[in-house]
Amino acid sequence: MIRVQVKEQEEVAPDYFRLVLEVGDLDFEGQPGQFVKLKAWEGKDPLLPRPFSIHDLASPFLEILYQRRGVGTRALSRLRSGETLELEGPLGRPFPKPEKDPVWLVAGGVGVAPFLFYLKELQKAGLKTRLFYGARSRKDLLRLESFKSWTSLHLATEDGSLGRKGLVTDLLQEELSREEPALVLACGPRGMLKALTQWAKDKSFEVYLALETLMACGRGLCLGCVVPRRKGGYLKVCLEGPAVLAQEVAL
């Protein structure tokens with residue numbers, strides 16, 4: 001791991017943070033879909049660094065969007081400009097690089113984190129995109145203005161405070177009656193991803209799931225991040241993911 005400096009720390013919504021790190025001197029060359037591991041505390045409690053997807057990357061700055069939930073993220077949220085932390089990465093495989101459009105992205109809550117970087121790359125490739133974004137309430141929908149700059153937004157909240165009332169998967173199904181995408185990629189809560197594994201079974205287009213699991217080594221050695229394959233055996237999320245075909249995994 002290497003030590004990097006915090007450029008900025010912003011609380012974008014209650015308990016949600018945007019962390020900007022200076023990585024220009026490292027020749028950091030991450031791609032959309034990859035992740036990094038961060039350690040913002042001294043000692044061995046907690047023992048392991050925490051994995052975070054790359055929210056955005058524009059040299060010399062790397063951005064992380066995360067939710068404050070446990071010991072590790074609470075320590076991370078206390079960092080201020082000029083302080084340092086340890087970083088390892090980039091790790092994992094990049095998101096797919098489609099040749100056809102439209103590309104539909106489906107996000108639940110903070111699962112939207114890796115999609116800003118990806119949307120920018122898709123736009124550079126001249127591909128049309130849509131972002132289907134759902135959360136419990138409007139306060140859990142993050143950085144909407146930033147996403148509006150790069151794609152068409154379709155919103156859903158469980159309490160109806162913004163966008164359609166209900167689940168983002170319902171909104172996705174509704175739009176599918178009007179248009180069929182070339183590719184779908186989803187990131188969010190396990191329940192949402194599990195529903196999409198069933199939804200994807202009879203689809204003619206590819207459906208990818210960006211999986212979030214416990215990570216230890218991040219290099220496929222410890223087997224701490226494995227998920228069952230549908231046809232037997234296990235898939236190493238840190239090496240073969242995070243994005244995998246929905247038809248390949250059993251959630």
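1. A charge counts as sitting over a ring if NZ of Lys or CZ of Arg is within 6 Å of the ring centre and within 35 degrees of the ring normal. In this predicted model, lysine 203 meets that rule: it lies over the face of tryptophan 199. The distance from the ring centre is 4.6 Å.

2. Overall build. The chain has six helices and 16 strands. Its radius of gyration is 18 Å, close to the 18 Å that the globule rule gives for 251 residues, so the chain is as compact as a globular protein of that length. Taken along the principal axes, the box filled by the C-alpha atoms is roughly 50 × 40 × 35 Å.

3. Burial and surface. Of the 251 residues, 51% count as buried. The chain exposes about 12100 Å². Carbon and sulfur atoms supply 47% of that area.

4. Contacts along the sequence. Take the contacts between residues at least 6 apart in sequence. Of these, 60% join residues at least 24 apart.

5. Aromatic pairs. Rings of Phe, Tyr and Trp pair if their centres lie within 6.5 Å. By this rule there are six aromatic pairs. Two of them are taken up below.

6. Phenylalanine 95 and tyrosine 118. Their rings form an edge-to-face pair, 4.9 Å centre to centre, with 65° between the planes. The angle is over 60 degrees, so the pair counts as edge-to-face. This pair links distant parts of the chain. Phenylalanine 95 is in the loop between strand 7 (84-91) and strand 8 (103-108), while tyrosine 118 is in helix 2 (residues 115-124). They are 23 residues apart. Both phenylalanine 95 and tyrosine 118 are buried.

7. Tryptophan 104 and phenylalanine 132. This pair is tilted: 5.0 Å centre to centre, 50° between the planes. Here, too, distant parts of the chain are linked. Tryptophan 104 belongs to strand 8 and phenylalanine 132 to strand 9 (residues 129-135), 28 residues apart. Are the two residues buried or exposed? Tryptophan 104 has 0% relative accessibility, so it counts as buried. Phenylalanine 132 also counts as buried, because its relative accessibility is 0%. The cut-off for buried is under 20% relative accessible area.

8. An aromatic cluster. Which residues do ring pairs link into a cluster? They are Phe17, Phe52 and Tyr66.

Notes. Residues numbered from 1 in each chain as written. Predicted model: local features only at pLDDT ≥ 70, side-chain atom pairs only at ≥ 80, totals over all residues. Heavy atoms only, no water. Phe/Tyr/Trp six-rings, centres within 6.5 Å; stacked < 30°, edge-to-face > 60°. Helix = DSSP H or I, 4+ residues; strand = E, 2+ residues; numbered from the N terminus. Buried < 20%, exposed > 50% of the residue type's maximum accessible area, 1.4 Å probe, protein only. Rg over C-alpha atoms; globule rule 2.2 N^0.38 Å. Contact = heavy atoms within 4.5 Å. Areas by Shrake-Rupley, 256 points an atom, 1.4 Å probe, with all protein chains shown as cover.
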